[in-house]
Amino acid sequence: MSLDVSPKLLAEAEQGDIREEDFVDTVRTSLPYAYDLIAGLAAQLKSGIAEFTDNQTPPPSEQERGQLLRALASDAIRGSLERHFGVALAFQNCHRVAAFRPESVTGETYARFTSVRSQVLNQSPEFRDC
């Protein structure tokens, strides 16, 4: 299971739409490593002038790696985090997450980061089982 959904939030979802803020809070408490990593990247991006910020440090354990993979593999989770933090996320391997300014997704740097060439260049044997 990816998220620890409260009975209250589940009941609200069964009745209709839920507030995205409540969903993001569920993500924050269920996937704290992924949430904190993305929050940190967004804060770094907003405090500087770089086109993007990224994480190149492997997670401390498989549990944290799993949180990151679950957060980025879900369109709903990923999209909510992007809207919440005001960034566009890109993902290359088991842990290399980048936060871009949303307007950068049509630019050369984003295209290069998300290219098949970059994907191939960011592979190594230790990522095969992640």
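Visitor: Which residues do ring pairs link into a cluster?
Guide: This is a predicted model. The count of aromatic pairs comes to five. Ring pairs join four residues into a cluster: F52, F100, Y110 and F113.

Visitor: What is the geometry of the F100 and Y110 pair, stacked or edge-to-face?
Guide: The ring centres of F100 and Y110 lie 5.0 Å apart. Their planes are at 80 degrees. Planes over 60 degrees apart count as edge-to-face. So the F100 and Y110 pair is edge-to-face.

Visitor: Which elements does the F100 and Y110 pair link?
Guide: F100 and Y110 are ten residues apart, and the pair links distant parts of the chain. Both residues are buried. F100 sits in residues 97–100 and Y110 in residues 108–113, which are strand β3 and helix α6.

Visitor: How many residues apart in sequence are the parts that the F100 and F113 pair ties together?
Guide: F100 and F113 form an edge-to-face pair, 5.6 Å centre to centre with 70 degrees between the planes. F100 lies in strand β3, whereas F113 lies in helix α6. The pair therefore ties together parts whose separation in sequence is 13 residues.

Visitor: Is F113 buried or exposed?
Guide: The cut-off for buried is under 20% relative accessible area. F100, its partner in an edge-to-face pair, has 0% and counts as buried. F113 has 6%, so F113 is also under the cut-off: buried.

Visitor: What end-to-end distance should helix α4 span?
Guide: Helix α4 covers residues 62–73, twelve in number. The expected span is 1.5 Å times one less than the number of residues.

Visitor: Which side-chain oxygen reaches the backbone nitrogen of Q63?
Guide: Look at the start of α4. There the backbone nitrogen of Q63 has a side-chain oxygen within 3.2 Å. That oxygen belongs to S61.

Visitor: What covers the buried residues of α4?
Guide: The buried residues of α4 are E64, R65, G66, Q67, L68, A71 and L72. Both helices and strands are among their cover. The list includes α2 (20–30), α3 (32–47), α5 (75–85), β2 (88–91) and β3.

Visitor: What covers the buried residues of α5?
Guide: In α5, the buried residues are I77, G79, S80, L81 and F85. Just after α5, G86 takes a positive phi of about 70 degrees. The cover over the buried residues of α5 includes α2, α3 and α4.

Visitor: Which residues does S80 touch, not counting those up to four places away in sequence?
Guide: S80 is found in helix α5. S80 is buried, at 4% relative accessible area. From S80 to V27 is 9.2 Å, C-alpha to C-alpha, across 53 residues of sequence. Leaving out residues up to four places away, S80 touches E20, F23 and V24.

Visitor: In what order do the elements of the protein chain run?
Guide: The protein chain has seven helices and three strands. Read from the N terminus, the order is α-α-α-β-α-α-β-β-α-α.

Visitor: What is the radius of gyration of the protein chain?
Guide: The globule rule gives 14 Å for 130 residues. The protein chain comes close to that, so it is as compact as a globular protein of that length. Its C-alpha trace spans about 45 × 35 × 25 Å along the principal axes. The radius of gyration is 15 Å.

Technical notes: Residues numbered from 1 in each chain as written. Heavy atoms only, no water. Phe/Tyr/Trp six-rings, centres within 6.5 Å; stacked < 30°, edge-to-face > 60°. Helix = DSSP H or I, 4+ residues; strand = E, 2+ residues; numbered from the N terminus. Buried < 20%, exposed > 50% of the residue type's maximum accessible area, 1.4 Å probe, protein only. Contact = heavy atoms within 4.5 Å. Polar contact = N/O pair within 3.5 Å; in protein donor to acceptor, adjacent residues only side chain to side chain. Rg over C-alpha atoms; globule rule 2.2 N^0.38 Å.
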